[in-house]
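This report goes through a single model, part by part. The structure comes next, and the text follows it.

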Amino acid sequence: MAEQKTILRALAGETLPTPPIWMMRQAGRYLPEYRATRAQAGDFLSLCYNSELAAEVTLQPIRRYGFDASILFADILLLPQALGADLWFVTGEGPRLSTIQSQADFDVLKPADAVHDTLSPIYETVRILRRELPAETTLIGFAGAPWTVATYMIAGRGTPDQGPAHALKDENPDLFGQVIDRLVEGTITYLSEQIKAGAEVVKLFDSWAGSLKGADFERYAVEPTKRIIAALKDMHPNTPIIAFPRGAGERYEGFAQATGADCVAFDDGVTAAWAAQHVQKDGCVQGNLKSSHMVTGGDALVAETRAIVDALRGGPHIFNLGHGITPDADPENVQLMIDTVRGH
Ligand code: CP3
């Protein structure tokens, strides 16, 4: 029964004796089996669009570690690609996209409902996973939140300070608003289709939410997330939604209520003790071990993992890292983290 899956119980507000656990970027380059499948697929995007191989890399960390949840293998930048942006990855550097600087750049984008032409292999990956995952493992689908995806679409690449997106937002709020609106619509239709294919939970990654200050945080992190959640809840009232406004700091407080999210994921910029008091009072939280512990391991990993579990044991909690695991992590440290959470 779906209700018995630990992640779904935590998302429904239940306080469990042991927090369920999964890890951002759990399928990735720190695993030798991932590197082997990636080499077989060719480049990263070919892996994302090869449903069989994408399902295979999604399953690898489940087989190795028995995480309580599995996250669909894909990328937040597939949506802009499906909207008509050019997208490619430069090895060792990261993503590159065609940029949006003018109304003409925006006008060549496709309408939201055209995204399925490109994204149908992703839905097929979800269907394969629902067949092949163990009965106790929850399948999480995801998309980027509009602000974060817009920062890549506008700059054409990752940037340290999201400067080009801030500039467009301030200098041409009308055009910027059109980009956000198209991403809101595209994200609703994309996530709705992932849910129809079998995703049991969806997560919105707003990796650059922390760079939005003052009213901009409200306008471009809270509002678009709220619109997406309202539309998804209308169509799929029983699918829980996790929001991750990374770097939000004290603005994690109230985020669940402001957006309708069932769970707020938080990074290591706030302490678990603070989150217990200010975020967990409103429902389930997910977080927040510093990812560098997966590189360094040892007693510090064990002590910090225990401290997080203890701080959050008074309410619903899903154990996770504060951000994605990095390629230089040691797979044995992941096992040590899991053993510590489950044995504590
Ligand atoms: O978490 C998972 O295991 C699921 C798959 C997943 C990937 N990316 C796979 C990936 C998820 C959920 C993402 C989200 C994502 N992608 C975010 C938001 C989360 C975050 O990390 O802040 C962002 C900003 C992106 C965009 C992106 N994708 C960048 C900037 C890069 C290059 C940096 C890097 O780590 O190489 C990617 C590539 C990427 N996405 C990889 C993986 C496994 C590495 C690709 C490879 O195999 O070479």
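Which residues are exposed on the other side of α15? They are D299, A300 and A303. Here a residue is exposed if 12 or fewer other C-beta atoms, placed from the backbone, lie within 10 Å of its own, buried if 20 or more do, and partly exposed in between. Helices (H or I, at least four residues) and strands (E, at least two) are DSSP runs, numbered from the N terminus.

The model is predicted: local features need pLDDT of at least 70, side-chain atom pairs count only at pLDDT 80 or more, and totals for chains, interfaces and linings use all residues. Residues are numbered from 1 along each chain as its sequence is written.

**Helix α15**

Helix α15 covers residues 298-311, 14 residues in total. From first to last C-alpha it reaches 20 Å, close to the 20 Å expected at 1.5 Å a residue, where the expected span is 1.5 Å times one less than the number of residues. The buried residues in α15 include L301, T305, I308 and V309. These lie on the same side of α15 because they cover an arc of only 100° around the axis, taken from the directions from the helix axis to the C-beta atoms. Among the elements that cover the buried residues of α15 are β8 (284-289), β9 (317-321) and α16 (331-343).

H323 lies in the loop between β9 and α16. It counts as buried because it has 22 C-beta neighbours inside 10 Å. Leaving out residues up to four places away in sequence, H323 touches M24, R246, D267 and S291; a contact requires C-beta atoms, placed from the backbone, within 7 Å.

The largest nonpolar core has 110 residues, a core being a set of buried Ala, Val, Leu, Ile, Met, Phe, Trp, Tyr and Cys residues joined through C-beta atoms within 7 Å. Its largest share, 9 residues, comes from helix α10 (residues 173-197). V264 is one of the residues with the most contacts inside the core.

**Backbone details**

R25 counts as partly exposed, with 19 C-beta neighbours inside 10 Å, while Q162, with 22, counts as buried. The peptide bond from G287 to N288 is cis, with omega near -15°, and N288 lies in strand β8.

Notes:
Two residues are in contact if their C-beta atoms, placed from the backbone, lie within 7 Å.
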